[in-house]
Amino acid sequence: MSIDIGLIRKSWALVEPVADRVTVHFYAKLFADHPHIREMFPPAMDVQRDRLLQALTRVVLSLEDADGVVDYLGQLARDHRKYGVLPEHYPAVGRCLVIAMRANAGGAWRAEYDAAWIDAYQFIADVMIRAAEQESAYVPPLWNGVVVGHEMRTREIAVITVEPTQPYAFKAGQYATVQTSHWPKVWRPYSVANAPRRDNRLTFHVRVVPGGWVSTALAHHTRVGDTLLLGPPRGSLLLERAGTPHLIFIAGGTGLAPLKALIEESMWLPERPSIDLFHGVRHHGDAYDVRDLRDLRTHHRRLRVVQAVSDEIDGWRRENAVDALLNHRVSLDGDVFVCGSPDMVRVTAARLLHTGVPAHHIHTEYTPGAPTLVYS
Ligand SMILES: Cc1cc2nc3c(=O)[nH]c(=O)nc-3n(C[C@H](O)[C@H](O)[C@H](O)COP(=O)(O)OP(=O)(O)OC[C@H]3O[C@@H](n4cnc5c(N)ncnc54)[C@H](O)[C@@H]3O)c2cc1C
Ligand code: HEM
């Protein structure tokens, strides 16, 4: 691969401050020149409309870490099959990206920037096209999943169990994108909260985001018997990343879901690791999975569960999950898995590093372009 990252960075610096304008220009050009591509996208694109472009630029900017992005791109490409993306669609996206950047660079764009982005995009497109083709003969692009369980555990959190109508092979810790009939073509990722099961069922923990399209539809307007669409499994928060017999899991809210799946998986290992799970919630009543965690605890004697409550006014020690970990003086000699909102993950990883946990022992979901500290 001969990609001039220096030129990519220089040119990106020109357009980064006007990235919103680049996004608008990119989609306008893409849809005007290729109306059939418009049909792949959701009718309303206000929310999260910049995801494609943001990820694309972040991937390009992190191409130096080629190993890190290749796995991510493979999963992304397999996932793109559900939109109906074919190899012949890729050149249009690359072309429109370069045109949109050049048009918004205030006259400072140079021809050599075109060449650098075209090379980088071609590399990404080749990886994605190959990965998608490898699976296309025998894996469906998406799955139907029948809702077989729906339980509101709190006013905000639903636990939903879905049975895919075809085998759904995934690894504990991964997530699936989900679409409901209420929001056609709108997909959101949700972590699977269980390790693979013989009955092929997947459980999701869904927290309602105020005004959120898909989370509200899943929690409040979905019933047993309804059918959801599921994209292929994605994600890198896997037990195989751990190299120590002591695991520390730090979860914020429904970030518990993938860590619970990893706990289940760990029970199948010949040498079960010892696990300290710290689950942070805002209020005592938000601890939505206490009963299940207690059950897990009875089957996994080397599991310890600590519930941390951060915002309760009376009668509780106020601490978030990482405070609780440090207050309990847990030995920080093992691999630490962190899952929650992006802010929670960022703050927690920084605290852990500051406390002396080595970067290579801190595991979070891979996001292209995120600081490399957790993947070193
Ligand atoms: C890898 C991954 C795994 C995930 N796993 C889970 C999971 O297991 N359980 C779960 O409940 N969610 C999970 N999420 C978040 C989920 O994918 C959706 O983003 C979330 O449900 C909101 O979608 P929505 O369509 O309801 O809201 P949208 O319609 O997308 O958003 C409505 C408004 O809320 C804002 N918003 C969006 N998300 C949040 C948020 N989290 N907090 C505050 N404001 C927000 C938006 O900016 C927008 O203004 C995961 C996300 C990722 C990236
Ligand atoms: C080659 C580089 C590409 C990259 C890096 C890329 C990346 C992304 C990302 C990150 C998303 C957000 C959802 C997710 O994380 O799965 C996305 C969504 C999408 N992409 Fe791509 N993509 C690429 C090419 C294409 C092409 C060629 C097409 C088809 C023309 C396409 C069509 C779509 C569609 C339809 C969506 C859904 C958008 C939405 O839900 O708002 N992508 N892409």
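1. Basis of the note. The model is predicted, with local features requiring pLDDT of at least 70 and side-chain atom pairs counting only at pLDDT 80 or more, whereas totals for chains, interfaces and linings use all residues. Residues are numbered from 1 along each chain as its sequence is written, chains are lettered from A and ligands numbered from 1 in the order in which they are written, and side-chain values use heavy atoms, with hydrogens and water left out.

2. The sheet as a whole. An open sheet is formed by 6 strands in the order S4-S3-S6-S1-S2-S5, with antiparallel pairing; strands here are DSSP runs (E, at least two residues), numbered from the N terminus, and two of them pair if DSSP finds at least two bridges between them. S4 and S5 stand at the edges with a single partner strand each, so one side of each is left without a neighbour in the sheet. From one strand to the next the twist averages 45°, where axes are lines fitted to C-alpha atoms and angles run from 0 to 180 degrees between N-to-C directions.

3. Strand S2 and its partners. Of the 8 residues of strand S2 (residues 157-164), 7 are buried, so this strand is largely enclosed by the rest of the structure; buried means under 20% relative accessible area, exposed over 50%, and partly exposed in between (1.4 Å probe, protein chains only). S2 pairs with strand S1 (residues 143-152) in the antiparallel sense over 7 bridges, and the two form a hairpin with 4 residues between them. Glycine 145 has proline 164 in S2 as its bridge partner. S2 also pairs with S5, again in the antiparallel sense, over 6 bridges, and there alanine 158 has valine 206 in S5 as its bridge partner.

4. Strand S3 (residues 175-179) pairs with S4 in the antiparallel sense over 4 bridges; tyrosine 175 stands opposite serine 191, and alanine 176 stands opposite tyrosine 190. One face of S4, with Arg188 and Tyr190, is covered, while the face with Pro189 and Ser191 is uncovered.

5. Ligand 1. This ligand is surrounded by 17 residues, of which the closest are Arg188, Pro189, Tyr190, His205 and Ser215, a residue being counted if one of its heavy atoms lies within 4 Å.

6. Ligand 2. Here 21 residues form the surroundings, with Arg51, Leu52, Ala55, His80 and Arg234 the closest. A polar side-chain atom of histidine 80 lies 2.9 Å from a nitrogen atom of ligand 2, and a side-chain N or O atom of arginine 234 is 2.7 Å from an oxygen atom of ligand 2.

Technical notes. Polar contact = N/O pair within 3.5 Å; in protein donor to acceptor, adjacent residues only side chain to side chain.
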